[in-house]
Structures are given as structure tokens and as C-alpha cells.
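Here is a quick walk through one structure, to be read with the model open beside it. Have a look first, then come back for the details.

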Amino acid sequence: MFTDSHAHITKEFYDDIESVIKNAKDNNVNRIIIDADSISSCYEVIEISSKYDNVYCCLGVHPENVDEDLSELDRIVEANKDNPKFIAIGEIGLDYYWTKETKEKQHEMLRHQMELAKKYKRPVIIHSREATKDTIDILKEYPEVIGYIHCFSGSLETAEIYLKLGYYIGVGGVLTFKNANIKDVIVKLPLDRLLLETDSPFLAPTPKRGETNEPANIPLIANFLANLKGISIEEVSKQTENNINKLFNIGDINE
Ligand SMILES: [Zn+2]
């Protein structure tokens with residue numbers, strides 16, 4: 001059994017959400033954690049997660065959406081504080097690749113949402129693109145908050161800093177790409193700190209590269225990781241499921 005720990009399963013990307021979720025189940029991907037990236041998608045992920053037993057949601061505003069009103073996010077999070085399906089604050093972070101000119105505003109937004117994570121005792125899902133140093137500096141301001149670094153693509157040194165801060169590392173389809181340098185880093189990281197994610201609809205793994213990604217593709221990434229580390233896919237499944245249960249405080253831990 002597997003969990004897709006990061007996917008954008010919303011109407012913006014899929015016409016038939018029901019069949020995406022069913023297809024995941026048919027491929028042994030029993031749980032899906034879906035992320036918001038804007039205020040409107042927060043409402044949508046709450047609704048979808050309430051409809052399906054095996055779908056959980058994260059609430060937050062992505063750094064590309066700097067014009068969003070975070071006081072509305074505050075109200076949504078407060079209203080859902082006892083919702084067992086709301087398991088994290090995300091997707092939040094810093095992105096200097098697309099929107100360097102809004103740096104200051106992004107820092108303010110990230111801090112605002114780290115405060116929410118602290119207040120409501122939820123982990124965070126972090127997006128960091130070309131912004132490693134500033135991301136680390138801000139995460140360090142919140143030692144009581146942990147989470148995971150989604151689609152990690154940095155160096156071994158950077159990964160070790162995140163691990164030391166208590167964060168997990170997200171492994172996605174990029175790992176399966178032919179010339180991905182990230183393989184050399186991931187192979188050296190401990191399995192008990194890795195999570196599997198698709199980032200659907202983006203970054204479909206080989207041999208589906210270029211297609212619309214789906215949570216059903218998680219076993220392709222798991223299999224690649226198992227081969228890379230020279231272990232069985234069952235071991236990857238067992239350990240990454242435990243990691244999910246522990247980080248998000250859901251399900252049972254079988255140790
Ligand atoms: Zn994402």
C-alpha cells in the first residue's frame with residue numbers, strides 16, 4: 001500500500017476526480033493528500049476530502065499567489081481546526097524562479113502560514129525553488145514546526161540541513177528522469193525520512209513522462225526508489241507509510 005503525499009486533485013486540472021481517485025486505489029495507492037495553492041482551492045480540497053475516506057487535505061497559499069487575502073485563510077483554518085481531514089498547512093514556501101520581484105511579500109506570507117502551523121499544530125508542506133537559503137532561514141525561526149520539503153531538488157548538504165531541522169524529504173517523478181542528479185542525493189538519505197509524492201498533474205514519472213500525472217503512478221516512483229537503494233518495494237512501502245503516519249499523525253505505525 002502507498003500514499004501519495006502531494007497532489008493537486010482539483011477541477012482546474014481534472015474533469016473526472018472520482019476516476020482519478022478510483023484509479024489510484026486500483027494501483028495500490030490507498031491514500032491521497034491533496035494540497036491547496038489558493039483561497040478558492042482551499043474550499044475545494046476541504047470539500048473533496050470530506051467526500052472520500054482516503055483523501056486528506058492541506059490548506060495554504062502558494063508563493064505564486066501573493067495577491068491572496070490571508071485573513072480569509074485564517075478564517076478557513078480556524079473553521080476547520082477540528083476537521084480530522086485537514087492534516088497540514090500547504091502548499092506554502094518561496095519561489096524565486098517565477099516571481100523573484102515579490103520576495104518580501106513571499107517572506108511575509110510564509111511567516112504568516114508558519115504561524116498558523118504553530119498555532120494549529122499541523123506540519124507544513126514546503127515548496128522552495130531557487131530560494132534555499134531564505135527558506136532555511138525562515139524555517140529555523142519556527143523550531144516547533146516540522147513538515148516536508150516537497151519535490152526536493154537540492155544538494156546533499158541542503159538535505160542534511162532539512163533533516164536536522166526535523167523535516168522529511170519528498171521524492172517525486174523527477175527521480176525517474178534519465179539525467180536527474182537528484183538520484184545521487186536521494187540514495188544517500190535515510191528511508192525513514194522520505195515520502196513519496198506525485199505533484200499531480202505535473203512531473204509524471206518515466207515511462208509516463210509528459211502525460212498528465214496521477215496518484216496511481218506512485219508505484220513507479222516507489223519501484224525506482226527500491227532499485228536505487230537496493231531494497232524491496234515492500235520495504236519502501238512499509239517505511240514510507242510509517243513516515244506518513246508519523247508526520248501527519250494518521251493511521252497506525254507498524255514498527
Ligand atoms: Zn505542488
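## The model and its largest pocket

First things first: this is a predicted model. So what sits in the middle of its largest pocket? That pocket has a volume of about 880 Å³. Its lining is made up of 36 residues, and those closest to the centre are His127, Arg129, His150, Cys151 and Asp199.

As for where the lining comes from, β4 (86-95), β5, α6, β7 and α7 each put in at least two residues. The top contributor is β5, with three residues. Sorted by class, the lining has 14 nonpolar, 14 polar and eight charged residues.

## Arg129, one of the central residues

Arg129 belongs to strand β5 and is one of the residues closest to the centre of the largest pocket. Is Arg129 buried, partly exposed or exposed? Its relative accessible area is 31%, so Arg129 counts as partly exposed.

Setting aside residues up to four places away in sequence, Arg129 touches a run of neighbours: Leu94, Asp95, Tyr96, Tyr97 and Trp98. For a sense of scale, Arg129 and Ser41 are 88 residues apart in sequence, with 21 Å between their C-alpha atoms.

## The second largest pocket

Next comes the second largest pocket, at about 300 Å³. It is lined by 16 residues, and Lys121, Arg122, Pro123, Phe248 and Asn249 are the closest to its centre. The elements that supply at least two lining residues each are β4, α4 (103-119) and α9 (233-248). By class, the lining of this pocket splits into 10 nonpolar, two polar and four charged residues.

Arg122 also turns up in the surroundings of Asn80: apart from neighbours within four places in sequence, Asn80 is in contact with Ile46, Leu59, Phe86 and Arg122. Asn80 itself lies in the loop between α3 (70-79) and β4.

## A single cavity

How many cavities of 30 Å³ or more are there? The count is one, and the volume of the largest cavity is about 30 Å³. Its lining consists of His8, Thr10, Glu12, Phe13, Asp35, Asp37 and Ser41. In terms of class, that makes one nonpolar, three polar and three charged residues.

Helix α6 runs over residues 156-164, and its buried residues are Leu156, Thr158, Ala159, Tyr162 and Leu163. Why do they share one side of α6? They sit on the same side because they cover an arc of only 160° around the axis. The general rule behind such patterns is that an α-helix has 3.6 residues a turn, so residues three or four places apart point the same way.

What does the buried side pack against? The partners of the buried α6 residues are β5 (124-129), α5 (132-140), β6 (147-149), β7 (168-171) and α7 (182-186). The face turned away from the buried side carries the exposed residues Glu157 and Lys164. After the helix comes Gly166, with a positive phi near 95°.

Asp4 is found in strand β1 (residues 2-7). Its relative accessible area is 0%, so Asp4 is buried. Leaving out residues up to four places away in sequence, Asp4 touches Val29, Arg31, Ile32, Ile33, Leu196, Glu197, Thr198, Ser200, Pro215 and Ile218. One of these contacts is polar: the side chains of Asp4 and Thr198 meet at 2.5 Å. Asp4 and Val77, by contrast, are 23 Å apart, C-alpha to C-alpha, and 73 residues apart in sequence.

Leu203 lies in the loop between β8 (194-196) and α8 (218-229). At 31% relative accessibility, Leu203 is partly exposed. Its contact Cys151 is among the residues closest to the centre of the largest pocket.

Conventions: Residues are numbered from 1 along each chain as its sequence is written. This is a predicted model: local features need pLDDT of at least 70, side-chain atom pairs count only at pLDDT 80 or more; totals for chains, interfaces and linings use all residues. Side-chain values use heavy atoms; hydrogens and water are left out. On a 1 Å grid over the protein atoms alone, a cavity is a set of points where a 1.4 Å probe fits but cannot get out, and a pocket is an open set with protein on both sides within 12 Å along at least five of seven lines; lining residues have an atom within 4 Å of a point. Grid points are joined across faces, edges and corners, and a volume is the space filled by probe spheres set on the points. Ala, Val, Leu, Ile, Met, Phe, Trp, Tyr, Cys and Pro count as nonpolar, Asp, Glu, Lys and Arg as charged, and the others, Gly among them, as polar. Buried means under 20% relative accessible area, exposed over 50%, partly exposed in between (1.4 Å probe, protein chains only). Helices (H or I, at least four residues) and strands (E, at least two) are DSSP runs, numbered from the N terminus. The arc is that of the directions from the helix axis to the C-beta atoms. Contact means heavy atoms within 4.5 Å. A polar contact is a pair of N or O atoms within 3.5 Å; within protein, one must be able to donate a hydrogen and the other to accept it, and residues adjacent in sequence count only if both atoms are side-chain atoms.
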